[in-house]
Amino acid sequence: MTALLTFTVLVLVAIAIWQMTKIFELSQTKTERSEIANDSDNKNNGYLLFAFLIFIYGITIFSFAKYSKMLLPEAASEHGGDYDQLMWVSFAIIFFVQTITQALLHYFGYKYRGETGRKALFFADNDRLEFIWTIIPVIVLAGLILWGLYTWTNIMDVNEDDDPLIVELYAQQFNWTARYGGDDNVLGEANVRLIDIANANILGIDESDPNAEDDVIVKELHLPVGRKVNFKMRSQDVLHSAYMPHFRAQMNCVPGMITQFSFTPTVTTEEIRLNPDVVDKVKRTNAIRAQKGDDPWEFDYILLCNKICGKSHYNMQMKIIVETEEEFNAWMAEQKTFKESVMVDEAETEEQVASTEEEADVESEESASEE
Amino acid sequence: MSEVAHVSHDDHHDDHGHHHKETFITKYIFSQDHKMISKQYLITGLIMGFIGIAMSLLFRMQLAWPGESFGIFEAVLGKWAPDGVMDADIYLALVTIHGTLMVFFVLTQGLSGTFSNLLIPLQIGARDMASGFMNMISYWMFFISSVIMIISLFVEAGPAAAGWTIYPPLSALPMAQPGSGMGMTLWLVSMAIFIASSLLGSLNYIVTVINLRTKGMSMTRLPLTIWAFFVTAIIGVISFPVLLSAALLLIMDRSFGTSFFLSDIFIQGEVLHYQGGSPVLYEHLFWFLGHPEVYIVLLPALGITSEVMSTNARKPIFGYRAMVASILAIAFLSTIVWGHHMFVSGMNPFLGSVFTFTTLLIAIPSAVKAFNYITTLWKGNLQLNPAMLFSIGLVSTFITGGLTGIILGDSTLDINVHDTYFVVAHFHLVMGISALYGMFAGIYHWFPKMFHGRMMNKNLGYVHFWITAVCAYGVFFPMHFVGMAGVPRRYYENTAFPMFDELTNVQVLMTVFAIIAGLAQLIFVYNFISSIFYGKKGPVNPWGSNTLEWTTPREHIHGNWPGEIPHVYRWAYDYSKTYENGEYIIAGQDFVPQNVPLQENEEELNH
C-alpha cells in the first residue's frame, strides 16, 4: 500500500516535471509570446474554471460517499441529540450556500472569460442587491445564533438538580484518573500541594476531610445510564482537555482551577456495540487491523486528551463504560475507597517510618498527615 | 473629503533628477527605499515559507505513515529521527514552528510587509514612506527575529513545541517538555522583536496613508488595497501590543518565578511554588491578538484580490463603499471575537454566549465581500492571468473555509469539533490558503513593478495555480471529515485509538495531495527566480490598470516619479466606463487611469 502510494507520488511528480519542462520549452521557442493572458489563455483557463467547479462538487460527493460512514455514531448523551440536530441544520445551510456560491463564482469565470472586443459592463453599485445579500445572512445567522445560544445555555448549565453523580476527572501527563464521591456523592477537598506519591495519594486529596474517606479513585470511568453526571475537571501540570466525542462533550482541564461539564449518558456500551453503524465500523476496522496484525478491537467509549500536553499527548486516554444502574452499583461496590486504599496503608507505613527514621516526618508534614 | 489630502510634495522635488551615490550596502542592504524594503520582506518571507511548508510535508508524512522510517527524516531531522523514525517531541516542534512561521513570518510580514511597502507609496502617490528610516529598522528587526527563530531550530533540547499558541503551563515549564527550554526562550525573544518590527511598520503605513496622499486622492478614491493595508495596520497596532504583554509576562513566569499564568502545579514528583495565576488569562491575552491576527493575515489578501480582480475583469469592483464598510466592520468585530477560541477553556459560559454572538456577526460583512466579488465577475471581460486565477481561487477557498466558521463560531457546535482536524481544515482554507493565494496573486500581478518591468512566465503560473488549487482542496476538504470523526489535532500518530484506524487512508490521501502541492511550489520558486533575471519585459502598464503605480517608470528611481507626482481626478475603478452612447471614455481603451482628468460630458461615478 505504502509502496504503491509512494510510487504514485513519484509518477505524478515525474509527470509534473515533464509537463513543466515541456511548457518551458514551448515558452522558449516562441520568443514573441507575451506574458499577458491572450484569448486562448482565457479560453483554456475559463474551461478549466468550469472543470474546477466539477472537481469541487466531485470531491464533495466523494468525501461524503466514502467518509461519512467513518464519522462518530449518533450521540450517546441527552444533549447530544440537540447537538446533532443543530449540526445537521447548520450543515444543510452551509452546503446550500456552498453549492450556489461556488457555482456562480466558477461559472462566471467560465462564462465571462475574456475575448478581444468583448465589452465589460460598467456595474459599480446596486443598493438593492447589496441590501438583499446583507439581510439574508442577517436573518439566517440570527436564527442560528438564537438556536445555538439556547442549546449552549442548556448544556452549560451545570446544576445539582436531579441528583447528579459527581465525578472528578483528573488529568496529568499523560493519563487520566477518575474519582467518585462515594456513598455521600461528595468529593473530598484536594490540592496538588497535598500529593504524596510515596503514600499513593496521587490526587492530593485532603485526608482530614471526612468527605474524602469514601471517595473512590479509578482508572476506568464507569457511568450509569440515564443518570446525570456532573464532571469536575482538574489538572496537575499543564492544560489538558477532556474530550468525550461520543457524548458530544469537551472541557479543558486547567491547573489551578476546577472546570465543569455535565451530561446524561443515554446509551450503554453494550447497546452501542449493537448499533448497526458501530457494528459496521468495527467490522471495517478489524479488517484493517487484521491486515496489520493488530488485535481485534471491540468498541468502547473513550476519553481523549484534546489539548496539546507534551510528548505522549497522542496516547492519553481512558476507557468509558456506560452500564445499567445495577451493574454500576455492583462495580462500585468492588472498588476500594480512599480510606481503605490510601489512608490505611499510610498509617501502617508511617508507623514503620517513624520507628526507623525521624526526619521523614518533616517531609511528610506538608502532605497533611498530622492525624 | 479631498481637502484632507493637502500634501506638500514640493519639498521633495529637489530629491529627484540627480543621482544619489549609492553603494551596494545602501542600495541592497540598508536601503531606506520602500521598493527595495518590500523586496527584502518578500524574499525573507518566501524563505521562511519554504521552511514552513517543508516542515508541514514532514509531519504530514508521519501522519500518513505513522512510525514508518524515512531516509529524509534522518537526513533533515538528524538525532530527532533515530533510524529515520520521527520522534514525538520533534513532531510537536514541527507543528509549532510550521504554524509560527506561516502565520507570522510568511502571512503577516511576508504578505503585509511586502505589499504595504510596495503599494502604499506607489498607489497613493507618495515619494516614499513617511519615515524611510523607521521602515528600514522595521525590516531589519523582522530579519533579526527571523534569524533568531531559525537559530531556535538548532538548540540542543529542540525548538519550541507547545503549539503555535504556546499555552502555558506547557510552554512555561522546561520539565513539561524539552521544547520549553532554550527553544521556547528563543521563540519568545524572536516574537518580541517581531512584534516591535510589526508595530514600527504599521505605524509607518498608517501615517503614510493619512498624510502623504497626492492631490485629489481622497480616502474614498483610495484603491481597496490601500484601504485593506491601512485598516490591517490599525488592527495590528491595537492588538500586537497585547501579545507583547502576554509574551513578557510569560517570560517573567519562566525566568523570574512570577505566577501570572501558573498555579497549583505538581510535575515530575514535586510541587512548584506558583500560586494564583491562570492559564486562561494567557489565552485571553493571546487571542486578543490571535484573532485579529487572522484578519491581519486575510485583509491584505482580500485587498489585493479586489484590485487584481477588478483590473482583470475590466470592471469596477462591485460595491466599493460596501467593500470599505466591510473591511471596517470586519476590523472592528475582529477585536471582540477572540473568545470563540476559548469556548471550552473553562471561562464563564455566559462569556461564551457573547462571543458566539459577535463571531457570527462577522459572517455578515464576510458574506457581503464574497457576494461582491462574485458580482464583480458577472458580465466582465475576464483576463485570466495567473494573478486573476489566484484571486478567484481565493474567493473559492474563502467561501469554503468561511462557511465552516459558522459551525466553529457557534459555541454549542464547537464543543465536539474544538481542537480537532475540523478546525485545522477550517482555518487552513479560510486564512492559510486564501491568504497564500492573495500573496501569489500579488506577486504575479506586481512582479513587473518590483523587478523593473520583467514579468513572470504565465504558463508556469497556470501550472502552479491549477496544481495548487486542486491539491489545496484535496488536502483540506477530506480533513473536515477526519475532524468530525473526532480526531484531535497535534497527535503524533492516531494508532493509539482503534476507532481512528480506518481514517489512516484519508490521511494518506491528504498527504499525497500535500506533497504534490509542495512540489508544485518549486515551479513557482523556479519561475520567480528565473523571471527576476530573464523575465520578459512587458509594457509599462501590462495589465491595463488604473492605479498610480503603473504611471511610474519601469526602472526604480528614488522618489518614484521622475517629474511631478501625478494628481488624481477619479477613483481607481473606471474600467470599461462609457459615455451614454456606449463609447469608452478614452477611445480604444477600456480603462481610465486615476491621473486622467474628467473628460467633457463625463459623469464622475465613484460609488
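Chain A contains nine helices and 10 strands. The model is predicted. Of the 371 residues in chain A, 37% are buried. Among contacts in chain A with a separation of 6 or more, 70% join residues 24 or more positions apart.

The UniProt record, an unreviewed entry, carries the annotation "transmembrane region" for four stretches of chain A: residues 6–24, 45–65, 85–110 and 131–150. Two of these spans were examined for secondary structure and length. Residues 45–65 of chain A are 100% helix and 0% strand. The end C-alpha atoms of residues 45–65 lie 29 Å apart. Residues 131–150 of chain A are likewise 100% helix and 0% strand. Here the end C-alpha atoms are 28 Å apart.

Helix packing was then considered. Helix α3 of chain A spans residues 78–111, and helix α4 of chain A spans residues 127–156. The two pack at an angle of about 165°, and their axes are 11 Å apart. Angles over 145 degrees count as roughly antiparallel; α3(A) and α4(A) are therefore roughly antiparallel to each other. The crossing of α3(A) past α4(A) is left-handed. On the α3(A) side, the contact is formed by His79(A), Asp82(A), Leu86(A), Ser90(A) and Ile93(A). On the α4(A) side, Val140(A), Leu144(A), Trp147(A), Gly148(A), Thr151(A), Asn154(A) and Ile155(A) take part. By class, the contact of α3(A) with α4(A) comprises six nonpolar, five polar and one charged residues.

Conventions
Residues are numbered from 1 along each chain as its sequence is written. Chains are lettered from A and ligands numbered from 1 in the order in which they are written. This is a predicted model: local features need pLDDT of at least 70, side-chain atom pairs count only at pLDDT 80 or more; totals for chains, interfaces and linings use all residues. Axes are lines fitted to C-alpha atoms, for helices over the stretch in contact, and angles run from 0 to 180 degrees between N-to-C directions. Helices (H or I, at least four residues) and strands (E, at least two) are DSSP runs, numbered from the N terminus. Angles under 35 degrees count as roughly parallel, over 145 as roughly antiparallel, 65 to 115 as roughly perpendicular and the rest as oblique. A crossing is left-handed if the near helix is turned anticlockwise from the far one by less than a right angle, and right-handed if clockwise. Two residues are in contact if their C-beta atoms, placed from the backbone, lie within 7 Å. Ala, Val, Leu, Ile, Met, Phe, Trp, Tyr, Cys and Pro count as nonpolar, Asp, Glu, Lys and Arg as charged, and the others, Gly among them, as polar. UniProt positions are given in the numbering used here, feature names are shortened, and annotations may be inferred rather than shown by experiment. A residue is buried if 20 or more other C-beta atoms lie within 10 Å of its own, exposed if 12 or fewer, and partly exposed in between; C-beta atoms are placed from the backbone.
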